[in-house]
Amino acid sequence: MAPNDVSILVVDDERAVRDSLYGWFTEDGYEVDTAVDAQEALTKLRQRSFDLALLDIKLPGMDGMELQQRIREVDPELPVIMITAYASIETAVKALKSGAFDYVTKPFDPDNLSRLVRNAIRQKQLARENVRLREKISDLTAGDQLIGESEAMQKVRELIKTVAATDSTVVIHGESGTGKELVARAIHHHSDRRFFPIVDVNCGALAESILESELFGHEKGAFTGAHQTRKGKLEIADGGTLFLDEIASISMKTQVELLRVLETKQFTRVGGNKIITSDFRVICATNKNLEAAVAEGTFREDLYYRINVFSIYLPPLRERRSDIPLLANHFLKTYALAMNKPIREISPEALDILVRYEWPGNVRELENAIERAMVVGTPPAIRPEDLPMSLERSVSSDHDALAEVEKRHIAHVLDKYGWNISHAAHALKIDRVTLYNKIKRYGLQRP
Amino acid sequence: MSAQLEIFTLNFSQHELLIALREWLALEFNLHSLESLFSFSLNNAYDPARHQYNATRIWEQVLKARPDSHHKLLVLTEYDLFIPVLTFVFGEAQLGGRAGIVSICRLLESFYGLPPNPDILFQRLRKEVVHELGHLYGLRHCYMPFCVMGPSTNVERVDAKEWKFCPECLETFARARNDLALRLGFPSVK
Ligand SMILES: Nc1ncnc2c1ncn2[C@@H]1O[C@H](COP(=O)(O)OP(=O)(O)OP(=O)(O)O)[C@@H](O)[C@H]1O
Ligand SMILES: [Mg+2]
Ligand SMILES: [Zn+2]
Ligand SMILES: [Zn+2]
């Protein structure tokens, strides 16, 4: 992800902090603006939009907390990260509960800061994407929208039918963009619960305490900013399906609570003591290896066994290339209709490129590629020059099976050791240089 | 070939490493360098509470000391560096400017409790030096895997990237340096 078009507003009264953050983010390729106080920040926010704001909690005049409330009025979707000088849990919790994405304590660890910023920005993008997806889905009349006739997809369809008839918990795993959310919705729509809502919670995009209030709801006055009692997603999903996306990123603490709820289907709202019962079916999705997370101790074993009753694996698109033409044409039709543009087909040369390309971003990347091609292309057909990927980046499909196995093994080990090169090299019994070379040759990327 | 880079050593005792680095820069990037001792005030760069040195304050001093230099100015040190908002930095440079700094403190295996390894140290140092030079020539962080302009937020990431630029960054780097060579080569243009 290149941060190219991402803009950040830094609000801090201390010049050294503004300057350092300005320098750091600029080097990182972000567009940065700064403000010394709330007044200046609000002025700038009214003039243009930003993708992220970092606010010092302690500002002269209106403090960061109050500023955040005001920002909500100007731009309700802007993710805000609070900067605190001391790790005062009390203020940090207050910040989170009033809607901040997260908080950081000065000085920051460079790695944490860059991860935090990336996540916050991704949250905003996800919010947008989900809106798009929902619009798309509501457009479609009932019926199966899962495209693909490959053996793998046929099996997935069968599994969906089988599991839809039961009330069993399901884990869907697969790389990003392989269609996990779509499968979750398909299960819901084929189940008896289809007349009740399917409620999704993106566990990866929310800070721990927000996730709790999101799941369990809160009582009026449970914390500053809780002006009304709010139902949590568990409660809203009553009768329907709860879709827990990116389940692997739930904190250990929330895992404990979630496990208890899954076992009893009973819980209390944050700040409340009334016991609430809700009847929902759980579907989880993850692009991480949950077994590895259990082995590493970042995912509770008991929770793993509780949810992993039935599992559906969505293979990456490059392992079911026969689906590419079907998917590409499906997206072509959808976008031709939406854009009212008479592009009717994909030229054989362009299709050839599509089929041979590796698709690291899977179906989502394919969909985006077609959408883009529809914008830049001229009727009646999509041609190679309309596609964002070049020929060199595609590989022939008859690649060496052995290399594929090795690549997956190395990726797995790297993942397991959190990309610690020394440890991974040790586990693979090769030296670091060899490992680097292999990482490079296989184009593996740190997540 | 006239020099394009002046390297200032500040609390830096690894002379063989410096020689190797300079030879390598000349060979690989046709970048010839001078060596000087950092003999300026430290500008209150030391923060006793953190036991670290403020990176910006140090390179600001060489900038002041060489107001008219055509060279890029790079400080090499063994001091542990920080900038006010971060717990540490491996280095820092003025984006598209003249001065920067690189510390080997956290590039040393011994910092992580491992036995010293001069080879690994050299690998890491040249990446960080090329990275900061990239910033000096106007490059920002790049997210192509293995590109030396990838952000260095921890030593594992330093290890995972190469000392090379990706094609796009190389293009920008080369273009920026040609301009400079041009200006140095034709003083009348100035
Ligand atoms: N088999 C398919 N048929 C039609 N559209 C598909 C198919 N698979 C995926 N898509 C489309 O691709 C996009 C990505 O799918 P989805 O959001 O379900 O992926 P995901 O696995 O949840 O990804 P992530 O892990 O990144 O959240 C969506 O727009 C979805 O509609
Ligand atoms: Mg998803
Ligand atoms: Zn950098
Ligand atoms: Zn690059």
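## Salt bridges and the A–B interface

Across the interface of chain B and chain A there are 0 salt bridges, the rule being a side-chain nitrogen of Lys or Arg within 4 Å of a carboxyl oxygen of Asp or Glu. This is a predicted model, in which local features need pLDDT of at least 70 and side-chain atom pairs count only at pLDDT 80 or more, while totals for chains, interfaces and linings use all residues. Residues are numbered from 1 along each chain as its sequence is written, chains are lettered from A and ligands numbered from 1 in the order in which they are written, and side-chain values use heavy atoms, with hydrogens and water left out.

The two chains bury about 2,500 Å² between them, 59% of it on carbon and sulfur atoms; buried area is the accessible area (1.4 Å probe) lost on putting two parts together, summed over both. On the chain B side, β7 (91-93), α3 (118-136) and α4 (155-160) each supply at least two residues that touch chain A. Helices (H or I, at least four residues) and strands (E, at least two) are DSSP runs, numbered from the N terminus. The contact (heavy atoms within 4.5 Å) takes 28 residues from chain B and 32 residues from chain A.
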